[in-house]
Amino acid sequence: MTMQVQAHQQAAIPIEDPVFSIRDLIVYYNNRMAIDKISLDIPRNKITAFIGPSGCGKSTLLRSMNRMNDLNPEARTEGQVLFNGKNIYEENTNPVMIRRNVGMVFQKPNPLPKSIYNNVAFGARLNHYQGDLDELVMRSLKQAALWDEVKDKLNKSGLELSGGQQQRLCIARALATEPEVLLMDEPASALDPIATMHIENLMEQLKEQYTIVIVTHNMSQASRVSDYTAFLSLEKERIDERIGVLVEFNTTVGLFTNPLMEETADYVAGKFG
């Protein structure tokens, strides 16, 4: 039995010991509101998926979690994003330090025009890594399930790899900074089904050590790989303004099999999107 959703009404389950606690988050681009008063907790060492129709603010919400929106001069943020209890938007917080702990993998693989080795080592060098760099590169490539495929060609350009390998290289590069959280913005949307399977299997392995948050348009992917799912949509009272709001946050099984909100039920049934 679903309950009727009203504007700004939402259902979100509480999470014990969350790695992120997002409270009344609003993001503007210039004077246009992109997302409005989103509040949810991100569970530790789980995979959380953000799903919803195009333009509902999924990537904006994701980028707010490591202050990537700061790189857009038109962006302005209100509310709180607590990472391990500390608001990352406090005035004295260094966004570079936040991004060191909260890595990001983008929709399109973006390896640097460098060797495979130097791609992985890039962030660690920037951060003045003091340990064994060779060991870090090997460990990161192994974590990204890429080591066996590239161990004999570490000096070759990362641009020579296939699309799926390039995306795993980007994951290895993010892991080499030793983050606590990995944000993934549609990491498999540009990949073929086999490469997508590799990325999904990899996420399942990585959640043993990392918290993963993924944006995906693919509901089948969300249901396969995630433990929790947040459904975002456009606020109906101001539909022409295209303002993203959180409709429902629940375990993935709960959200897909017994949604609390009628709008969620309609979306997972494919009635709109």
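Modeller: Helices here are DSSP runs of H or I with at least four residues, numbered from the N terminus. The structure is a predicted model.

Colleague: Where is V253, and is V253 buried or exposed?

Modeller: V253 has its place in α9, a helix of residues 252-257. Its relative accessible area is 60%, and a value over 50% is the cut-off for exposed. V253, in helix α9, is therefore exposed.

Colleague: What separates the C-alpha atoms of V253 and S223?

Modeller: Along the chain, V253 and S223 are 30 residues apart.

Colleague: How many helices and strands are in the protein chain?

Modeller: The protein chain holds both kinds of element. The counts are 10 helices and 11 strands.

Colleague: Why is the protein chain said to be as compact as a globular protein of that length?

Modeller: For 273 residues the globule rule gives 19 Å. The chain is as compact as a globular protein of that length because its radius of gyration is close to that value, at 19 Å.

Colleague: What box do the C-alpha atoms fill?

Modeller: The box is taken along the principal axes. Its dimensions are roughly 60 × 45 × 35 Å.

Colleague: What percentage of the contacts is between residues 24 or more positions apart?

Modeller: Buried residues make up 53% of the 273 residues. For the contacts, the count takes those with a separation of 6 or more. Of these, the share from residues 24 or more positions apart is 71%.

Colleague: How far apart do the centres of the positive and negative side chains lie?

Modeller: The chain has 28 positive side chains and 34 negative ones. The distance between the centres of the two sets is 5 Å.

Colleague: How many disulfides does a search of the whole structure find?

Modeller: A disulfide is a covalent bond between the sulfur atoms of two cysteines. C56 is buried at 0% relative accessibility, and C170 is buried at 4%. The number of disulfides in the whole structure is 0.

Colleague: Which loop holds N30, and what is its phi?

Modeller: N30 is in the loop between β2 (20-29) and β3 (32-42). With 46% relative accessibility, N30 is partly exposed. N30 is a residue other than glycine, yet its phi is positive, near 55°.

Colleague: What is the phi of N45?

Modeller: N45 is in the loop between β3 and β4 (47-51). At 29% relative accessibility, N45 is partly exposed. Its phi is also a positive value in a residue other than glycine, near 55°.

Colleague: Is N66 buried or exposed, and which residues does N66 touch?

Modeller: N66 is in the loop between α1 (58-64) and β5 (75-83). Buried means under 20% relative accessible area; N66 has 1%, so N66 is buried. Leaving out residues up to four places away in sequence, N66 touches I88, I98, R99, V102, M104 and L183.

Colleague: How far apart in space are P73 and Y29?

Modeller: P73 lies in the loop between α1 and β5 and is exposed at 78% relative accessibility. In sequence, P73 and Y29 are 44 residues apart. C-alpha to C-alpha, the distance is 8.5 Å.

Colleague: Which helices do the buried residues of α3 pack against?

Modeller: In α3 (residues 116-126), the buried residues are I116, Y117, N119, V120, A121, G123 and A124. An α-helix has 3.6 residues a turn, so residues three or four places apart point the same way. The partners of the buried residues in α3 are α4 (133-143), α5 (147-150) and α6 (163-175).

Colleague: Which residue follows α3, and what is its phi?

Modeller: The residue after α3 is H128. Its phi is positive, near 60°.

Colleague: What distance separates the C-alpha atoms of M138 and A172?

Modeller: M138 has its place in helix α4 and is partly exposed, with a relative accessible area of 30%. Along the chain, M138 and A172 are 34 residues apart. Their C-alpha atoms are separated by 9.4 Å.

Colleague: What distance separates the C-alpha atoms of A190 and N155?

Modeller: A190 lies in the loop between β8 (181-185) and α7 (193-206). With a relative accessible area of 51%, A190 is exposed. A190 and N155 are 35 residues apart along the chain, and their C-alpha separation is 26 Å.

Key
Residues are numbered from 1 along each chain as its sequence is written. This is a predicted model: local features need pLDDT of at least 70, side-chain atom pairs count only at pLDDT 80 or more; totals for chains, interfaces and linings use all residues. Side-chain values use heavy atoms; hydrogens and water are left out. Helices (H or I, at least four residues) and strands (E, at least two) are DSSP runs, numbered from the N terminus. The radius of gyration is taken over C-alpha atoms; the globule rule is 2.2 Å times the number of residues to the power 0.38. Buried means under 20% relative accessible area, exposed over 50%, partly exposed in between (1.4 Å probe, protein chains only). Contact means heavy atoms within 4.5 Å. Lys and Arg count as positive and Asp and Glu as negative; His and the chain ends are not counted. The place of a charge is taken as NZ of Lys, CZ of Arg, CG of Asp or CD of Glu. A disulfide is a pair of cysteine sulfur atoms within 2.5 Å.
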